[in-house]
Amino acid sequence: MEVIVTTFLNPHKFWVFEVNNLNQRNRLERRLAHGDFPRISAPSLGQLALVYKETKWHRALVLSETAPFSCWLVDYGVDHTADSVYEILPEFACTPPLTKKASLNDVVGLHRDCTPTGVQNVGEITFSPGSKKRTNDYLGTAEKVLFTCVKEIGNTHVGEITIITSKISLELSEILIKEQVLIRDPIMFSKAFKMNGDAKEFALLKTSPCNPKMSHDHFDNEPFLGVGRGCSRTSQHTLSPNRSVLSSSEIDDNVKDSPYSDSDLISSSSQLSNNTHLSDNNPKRLTIKKKLEEFLANKSAEVETNSLGNGEVSGLNNELEETTSSQENHESRELMRKHLLNNCSCEQCLGWSEGNFYYNARKKINEVKMKNHRPVKPELLLKTEETSGVPVKIKSSYSSHCGKIERSVKPTVLVHSTTVLTPATSITAAPFHKDIHKALRSYEHVYSIQGYVWPAVMRHLNICIIGKRNSGKTLAYLPGICSFELERQERYSDLPKRTVSPISLLLCPGIEVAEKVYHLVLKLLKDASQKSYVALAVPPVDKYSLNQFEKRVDILVATPVTLLSLLSSRIITLKRLCHLVIEKANVVLERFKKETEEVLNVVQSMLSHRNCNYTVQMILTSEKWTYSIENLSKSLHITPIVCISSYLEAAMYGRVDINVQFLEGKAKIGALIKILKGKSDICRSIVICNTDDEIKEVKQYLLIAGINCLYITEDMEMVEINNIESAWQKTIGGKHLALFCTENVFSCNITITSAVMLINYSLPDTWSEFINRFRCMIENYTSPLVSEANVNWTRCTAYSFMDETCVRQFPKVVQLMKRLGGKLPQEFLNYYEKTLEDVEAKKLALGISVCTKLKLFGKCELSSCEMRHILSKKVDYCSNLPKNGTIKFRVAQIYSVNSFGIKILEVKDVDGNLCQWQLYDNLQEELNDTLAKKKQCVFDVDVGAWYAYHALKDNVYLRCSVLKITHFEQITKRAMTVSIHCLDTGAKFDVSSTFLYKLPPQFNNIPPQVIDVYLANVVPTDSDDTWSHYCKSKVESLLTDANYDEDDAFLMGRILLQLTNNLWLENMIVYQTLETSDLEVIKLNLRKVLLQQGIANVNENSLHLLYNLCKKSDIVLPSYALNVEQKTINRQPQPQWAHLDDSDCIQVFISYVESPSLFYLRIVRFYDVFEDFQEEIQKNLQKPFYPEVGEIFTNKCCLVKDAIGGDFARCIVTEVKDEVVKVFLVDYGNCETVMKSELKHLPDKYITKLPFQVKVFDTGSSNLSRHYS
């Protein structure tokens, strides 16, 4: 028969599937698809059940008692891990498994034995890895595989395999014997088969024989139990999930749910007709005939239809089956039909006579299913009260059996899970979609953590990934998520269709992480064969960003606050969610604890109402293992797989008792002896020193103290080191020996991972070496996710000695102690603060710039930040820049939402007086002329120094400062690529150092023409610390719409702080000067718009923190209050101007024409409102005791009589000359020159009640002259 070898373990243990059974398997799956199966909460080992895989129900044998459940798919012959198992109905259990356990006949392993007479081939009961691989190689090259069954041993089909290719046909056993891989030995085969072919978990899984006349060999004299036709039957049915036997009284109910389809069933009438050739003297035949006559007699007497139950008919059918022949007798069949229909026309008799014995039963089954159909519910994401007490058992996937060389080359990853994982060794071995494999071709290196996570993601398991930055965490799960997306039509066909909901939700702590993940998803799906809908939901959420959710979204990358905003406004739902990822979970769970809980509750509620068997996969990534991650992992219904690549975080996870002892160097030996006494013999211990001299010194004292130890020094050969390590590994409890070695030996030569106690006698020079030392205990870490710890578990302990020489390591160790919650004496904390100040002082001496986050937020929370975090009066106090007052400027560069490069045009002090400010308009031309005559190349580039950069595109020279060296030449270590900041344009980019030239001395004293400014106290939304690219583009659009770069436009801002070459401004307001009236119109209040549109928030504490840093550095802060501002602004409110909306067409009046390119408009729909407003002003002027106009000054709002209309109208004073003033009528657009006495007082309510109605319309046409007749 033609077969498919589904799983091959060894020549005595493999599984085959008959190709002829393919249709039967498809029919069975179609019938299972319409079933309603209850979940089994606590399945037993060896129980037959159902699992749901890839939108299909599969019969499976349960091989583990805890979730996720290891199962064996009995109709596919492969293993599978399922989150849930479901009860199988007897109708589906009675069909025998469609895959069969098989073995090659009479062959055993081969061993070559060297004897005095030569090498002899001797049989052995085990198989070598080479024999298994060779067999698999032959099976892999076969185009067709035939299996000939010779005999059956228990439930195993023993026979021969024939491999057929396009060129040749081979007997597998013969070719392996010829190649001396196997040997034929019938006597040894019996013993070898019991060892290699043993599968106790499959003992009850009885399959139908290949040949009914097959002989059955039973080594243990057990009766063979079968299910299919031709098998010897017993009263026990082993495939039933709860009990194996169906009594006669129950057969009637179970026949209704028969597993056979129409084409598979054998009608009773057909079987009866096939038996007509038998002799009437056959006793069995006479008995059957007698039963049939009794049945027909009852029917003719119109007895109750079910007087003969289906169970009796089934038994009669079985008896006829044993006496039937394959020859069909049509005449007998017709006779039987006529006899049956003589006195009865019920459905049962009609169905039986038509060759459809189960007609009536199936009809009732379909009616019941249609009436009681209930969809299968998925597993919940979080535990409930009923499932919170289920015990959890954790297994370690660490390969302790690996050889020393393999462990030394391959980094150790802590992997704890409820099932043992096999890592993927390469990208090609990962089970991703083919389009994802194409996208991953540019990635050559596979991180150790990715090898474990990739298969786990594709198996839909919950995962917690812990690793340091840039350790491959994101790419560990993202290819799998993208593969699910490309397979969504096959995987998620039953999910709701009419809703906008992501299948995969990637939750990120901030904009920076979200944008990186979003672009990485787009990169992986760029060349995919089908379109995917990927959306990014970060602040601000406006009309443009909401366009992503008009049709659908498959993958959503979002921040917690933005996600809840979308959910609360019902823009999206989570009804299709199947994968939930939390990036940087430690930050998300700490910063957005409330929001995360709301999201999890929404997912939990959704799953409780979901009507299809799709649960939600949870994936967590983090750089640190924290209590919040631990609590979330414990609350998950399905315990996640924990993968940790950082040895320190693995120690935190494994609850290692970390002790740091602060003592003098001479007291270290005494502390060491105190720890080792009574402990070194009962637990495996490692003591790590820095030098051989320390080991020799310690060895003398330990000998005196009577403590036996093993010592490895750097002068030992590798063979000797391996022997000592092996001796340490082989010691038993009560006789353990502490192992001493140096840091170099431990890092390069020692691969121990089974220690229980680690003693850092001397701390290493680097923090990474300190973390690496925790590798020695990784095998003994116990998961905090287990319900109850093992009573024999010994908690791992790590001691670290800190003496007076550990100045460099002190800050890191103190940070570790703070994280562990340890309390340090005040003198140590004071010394820690002083150490940090010394580090910052070194940065100041090296000329390192002030941290950007410190400038934006007044603080930096990154402990590993390389920028400077203190201020210096000498370095950061710049005498060239204004310290307070207001500045008039133009924007040269837009760096972010609140960071700009500007060119100052004018400076006023706090009293409103102009200050001297020198502009270097010809600086660029002078620099080009000077360097065109003579220029000198730069060989050694210094960070912070000023140079001249030659821009080849425009052939100009620009002054610049070097911010950072990005690339060095490998041999000479010279700077190859540098990041520069152009001093006079504000641009920042990377260039080759070959384009840098020495700056002539006369240009070193000229201050930068473009300085950096910040909008003070303006911070990102959602507690973020970075701005999105979309936010920056919004600011660029706002400034562009306000024509900020036009010749008649400028910006104003009040100074709140000056440090180095930076200014902090209260606001940035864009003004435009009208050509004829010289009136300055506000086009944009940037700070106000940013807050209104939700692009930014206000944090008043940011500037105060910078003020405090200035005071600590003895930087005297001036007064920032504006005296002129108080005099004018406090007297009158700020007026508002009318503006045109975004409509395509607006009806307007042309109020006043200044020129063909400049005229004034009024909006028609506000005409009636304006007329009522004017009438109110006229009535108010007629009241007695009307106020006087008071002092007249520029920009004051007053009332003046309109020369055209005759009524008083609002105006702004634009110019004052003695008693003559020039005013601009803000509601009409024309200018008037009047006397001061003609002006009337304008109450404040009339300034703000209605915006100034005139709207300037400037065509801006460059081809029109600005001078008209």
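Two strands count as paired if DSSP finds at least two bridges between them. By that rule, strand β2 (residues 13–18) and β9 pair in the antiparallel sense, with four bridges. The model described here is predicted.

- Strand β9 spans residues 99–104, and six of its six residues are buried, so the strand is largely enclosed by the rest of the structure.
- Buried here means under 20% relative accessible area.
- Both faces of β9 are covered, with T99, K101 and S103 buried on one side and K100, A102 and L104 buried on the other.

**Partners of β9**

- In the antiparallel pairing of β2 with β9, W15 stands opposite K101 of β9.
- Strand β13 (residues 156–164) runs parallel to β9 and is joined to it by three bridges.
- Within β13, H157 is the bridge partner of A102.

- Strands in a sheet pair through backbone hydrogen bonds, in either a parallel or an antiparallel way.

- Strand β28 runs parallel to β29 (residues 738–742), and three bridges join the two.
- Y711 stands opposite F740 in β29.

Terms used: Residues numbered from 1 in each chain as written. Predicted model: local features only at pLDDT ≥ 70, side-chain atom pairs only at ≥ 80, totals over all residues. Heavy atoms only, no water. Buried < 20%, exposed > 50% of the residue type's maximum accessible area, 1.4 Å probe, protein only.
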